[in-house]
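Take a look at it first, and then we will go from the overall fold to a few local details.

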Amino acid sequence: MLLNLMKNLLRSLGVLLVTTFAGFALMFGNATGIASSVLGIGATPESVQAKVVELGLDRPLLVQYWDWLTSAVTGDLGRSFYTGQQVSEALSQRVPVTLSVIIPALALTALISVLLGVAAAVRGGGIDRFVQFFSVGGTAIPNFIIAIALVFAFAIHWRIFPATGYVAFGDDPWQWVLSITLPMLALLVGAVAGGAQQFRTAMLDTLGSDYVRTLRARGMKEQPIIFQHVLRNAAAPGLTVVSLTMLSLLGGAVFIEQVFALPGMGRLATDAAKISDVPMVMGTVMVTVVIVLVINFVADLLIQTLNPKARMR
Amino acid sequence: MRLMNGRRLTGIVAASATAAIALAACSGTSTDGPSSSAAGSDQPGDVAKDSLVLAMSQDIEGFDPRVQPGYQNWPADAVWDKLVRCDSTANLTPGIAESWEILPDNMGITAHLREGLTFSDGSVLDAEDIKANYEYWGAPESARSADYADLTYDIPDPLTITLTWPEPQVLINTLTCDIPITSADYLASGDFLDEPLGSGPYVIDMAKTTVGSEYVFTKRDDYYDADNYPYANLTVKVLDNEAAMVSALKTGQVAGGLVTDQSRAEAEASGLEIKDFQGQTVRILLTDHNGDVYPAIGDVRVRQAMNMVFDKQAIADSIYLGNAEPTAQYFRKGTDAYIDGLEDPYPMDIEKAKALMAEAGYADGFDIELPSLDGHLAHIMPYVIQQLGEINIRATEKVLSGANAIEDLLSGTYPVILFELGNLGDSTFQIYVEDYPDGWWNVSHQPDEYVDSRYEQLATASPEEGKVLEQEINQYTIDNAWQVPLVFKGTHFAYDADLVSVPTDSDIEALAPKLRDFK
């Protein structure tokens with residue numbers, strides 16, 4: 001198992017390097033465009049050229065990447081080309097906001113998806129039809145539509161939750177809960193819709209296994225079969241789905257942060273990408289990749305803990 | 001005489017801001033839930049004077065004083081003061097300097113600074129600080145280096161400074177009123193990128209500020225003009241999503257912010273006051289007067305024909321939902337260049353337009369590309385393309401996006417540009433930007449003896465002579481159909497009248513209130 005973990009770590013490091021280099025390379029070669037954009041309307045060719053040099057964009061790709069990489073290792077992610085803000089400072093403000101919404105959404109996605117998936121697979125009938133209907137509906141409706149509907153109902157009409165903005169947990173825990181509730185719910189609907197269906201399928205597959213039939217033939221009660229055996233074996237595909245859900249939550253957060261005016265990483269990343277703010281884009285790419293790798297790593301760890309067979313792979 | 005160096009002026013900011021537009025409650029702090037907002041307060045008026053929360057529909061680009069837009073930039077208004085200020089028509093008013101004299105032939109300015117001014121860190125503001133800031137703007141890597149690089153400075157005492165340009169400056173007012181002043185030492189330290197420092201009415205609270213999302217300020221009671229800024233605390237939120245803006249306004253999370261044409265009626269219906277600005281003229285720029293890129297555009301008859309295919313009233317009523325007004329001129333009403341009582345010389349007449357096209361030898365039309373930034377003209381572009389098709393001009397939209405979008409737009413590659421472009425309170429400046437060869441919106445940069453000679457005379461003309469010259473330029477560009485003016489339109493500032501009032505307009509761009517307009 002330790003060997004597996006080491007392999008996973010090395011693989012993750014490789015993914016991080018490849019991804020960040022790819023990100024850097026994709027933005028390379030537009031030095032004057034970036035410098036012009038930074039300077040704004042009215043920049044002379046001379047001032048653009050001076051800006052290119054000042055930003056270091058006149059250097060070869062590998063030199064620029066190596067500089068970024070070696071600085072990043074020491075925690076220096078540079079400054080935004082446009083705002084001059086330290087990228088690390090921006091990330092330290094923005095990442096907690098996004099995680100505040102995503103992590104509870106992910107946890108609730110896992111919990112609710114398991115409950116709905118198990119209930120649908122075991123009970124069938126009405127609950128099964130509900131899960132399938134909810135899965136189709138929840139997946140079909142874009143999360144920003146759900147977000148706008150939630151704002152209209154719970155912020156404008158009933159005024160229970162704030163329509164926009166974020167409050168840090170350290171400033172006011174109760175206001176924090178209020179500020180993340182609607183964004184989290186907007187993300188949750190689509191995530192649970194997909195997750196519950198996947199858990200239902202995994203449960204049904206496992207319930208149809210030979211060993212389950214054997215356990216039933218031996219007279220074992222249904223409850224221990226489901227919770228001690230079936231759920232454990234169904235957990236592997238389910239956890240994989242949950243880890244993949246993290247990706248869709250990160251993507252969905254881009255829209256949700258706009259609708260709720262949350263100062264999160266999604267907005268930072270999209271705004272930076274639009275204007276080729278290389279240091280900021282690289283910072284957000286790196287953090288996003290790290291988050292995804294960590295989630296996958298944890299999912300792998302859980303799967304291996306729950307299912308000994310997985311440790312043999 | 002050196003031609004009026006291009007890239008100067010307040011209006012860079014104006015044009016940038018307008019381009020940016022195209023692209024795209026009084027309560028305490030971000031911690032406001034509805035329960036703590038002023039809208040829910042028993043005494044909203046009192047709360048409003050304690051704190052003002054505004055919403056910007058786009059973020060500022062950091063704290064570098066050199067890249068601050070004028071458009072709804074309340075953070076900049078809060079932190080920085082200027083040597084002199086420009087009012088809504090570019091007349092100079094006191095700022096750091098309580099008095100000044102413009103040098104003969106508009107060669108420069110002598111400014112007399114107020115005594116006892118300090119920056120928010122307590123350091124004393126004197127003439128050396130002014131010099132350091134203008135030098136910073138004249139540095140090679142500055143977009144405005146051409147405007148300020150050749151300045152010379154004379155500082156006879158710490159409270160007096162004379163700025164002198166090598167040549168007469170037509171736009172002397174906007175040149176001198178445009179620069180936010182920070183401390184010379186702070187500028188040298190480079191720390192200004194992390195936290196702004198100025199001598200303005202407020203000081204930023206970085207502990208409560210989240211760059212890109214929310215900027216929080218506290219009033220400086222020792223500011224010389226403190227009475228004009230009644231709010232003890234100021235919060236400026238970035239709400240760049242229209243749904244978020246409207247929600248925040250309706251729930252009292254913010255006291256005011258700009259809403260779009262589409263949201264104006266909804267905001268008004270929910271009890272908000274609307275202050276309408278008409279700082280933009282929707283038009284098609286036809287800059288290729290010589291026909292270098294599109295030979296047909298070089299023929300005045302073709303340009304006139306393009307003016308005759310649009311139903312401007314229908315544009316105002318249907319596309320801009322009644323929030324626009326047909327116009328035959330692209331200059332703002334009330335400015336020196338605007339010609340009162342001018343009848344539209346090109347009323348809609350498709351048959352006459354076709355005849356002009358045939359007369360010019362273009363009965364079968366020609367192909368053009370109409371650029372747009374990120375497709376932001378989706379509401380009007382299809383109509384424009386359709387109407388140009390009436391005279392066989394086959395226009396296709398070219399969407400520009402990414403970091404190069406503005407550069408591409410202004411590169412001259414696309415000399416026919418449909419845009420919701422700012423009309424400035426200073427028409428002299430607008431002539432420079434759009435008609436003079438150095439102007440960045442005159443993307444083809446083709447000289448014209450008639451316009452250029454009159455513009456250059458403005459440097460030494462009296463106000464009366466200047467008005468005549470500007471109206472001659474306006475009439476000339478109308479006669480030669482340098483543009484296709486469609487409608488005046490503008491922005492809509494929605495606000496809760498229980499929380500804030502906006503009795504004055506001091507924005508030269510006429511796009512949003514300035515911070516000093518909020519009472």
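## Chain A at a glance

Chain A has 13 helices and 0 strands. This is a predicted model, so please read every value below as computed from it. Read from the N terminus, the elements of chain A run α-α-α-α-α-α-α-α-α-α-α-α-α. The C-alpha trace of chain A spans about 85 × 55 × 35 Å along its principal axes. Chain A counts 313 residues, and 43% of them are buried. Among its contacts between residues at least 6 apart in sequence, 73% join residues at least 24 apart.

## Two domains in chain A

Chain A is divided into domain 1 (19-73) and domain 2 (87-312). Their C-alpha centres lie 37 Å apart. How many residues of each domain are in contact with the other? On the domain 1 side there are 10 residues, and they meet 8 residues of domain 2 of chain A. The elements giving two or more residues to the domain 1 side are helix H1 (2-27), H2 and helix H4 (61-73) of chain A. H1(A) makes the largest share of that side, with 5 residues. By class, the domain 1 side that touches domain 2 of chain A has 5 nonpolar, 5 polar and no charged residues.

## Where chain A meets chain B

Now to the contact between the chains. It takes 48 residues from chain A and 45 residues from chain B. Several helices of chain A give two or more residues to the side that touches chain B, including helix H2 (31-39), helix H5 (87-123), helix H8 (173-207) and helix H10 (222-259). Sorted by class, this side of chain A has 22 nonpolar, 18 polar and 8 charged residues.

## Nonpolar cores

In soluble globular proteins, nonpolar side chains tend to be buried together. Here the largest nonpolar core has 195 residues. Those with the most contacts inside this core come from both chains, among them A:Ala105, A:Leu249, B:Leu54 and B:Ile417. H10(A) gives the most to this core, with 15 residues. To see one spot in detail, find A:Ala105: leaving out residues up to four places away in sequence, A:Ala105 touches A:Met184, A:Leu187, A:Leu188, A:Ala191 and A:Leu249. Another core, of 31 residues, lies apart from the largest one and includes A:Phe81, A:Tyr82, A:Met265 and B:Val211.

Most residues other than glycine have a negative phi.

| Residue | Phi | Place |

A:Ser276 has 23 other C-beta atoms within 10 Å, so A:Ser276 is buried. B:Ala510 has 21 C-beta neighbours inside 10 Å and therefore counts as buried too.

Conventions:
Residues are numbered from 1 along each chain as its sequence is written. Chains are lettered from A and ligands numbered from 1 in the order in which they are written. This is a predicted model: local features need pLDDT of at least 70, side-chain atom pairs count only at pLDDT 80 or more; totals for chains, interfaces and linings use all residues. Two residues are in contact if their C-beta atoms, placed from the backbone, lie within 7 Å. Helices (H or I, at least four residues) and strands (E, at least two) are DSSP runs, numbered from the N terminus. Ala, Val, Leu, Ile, Met, Phe, Trp, Tyr, Cys and Pro count as nonpolar, Asp, Glu, Lys and Arg as charged, and the others, Gly among them, as polar. Domain bounds come from an automatic or database domain assignment. A nonpolar core is a set of buried Ala, Val, Leu, Ile, Met, Phe, Trp, Tyr and Cys residues joined through C-beta atoms within 7 Å. A residue is buried if 20 or more other C-beta atoms lie within 10 Å of its own, exposed if 12 or fewer, and partly exposed in between; C-beta atoms are placed from the backbone.
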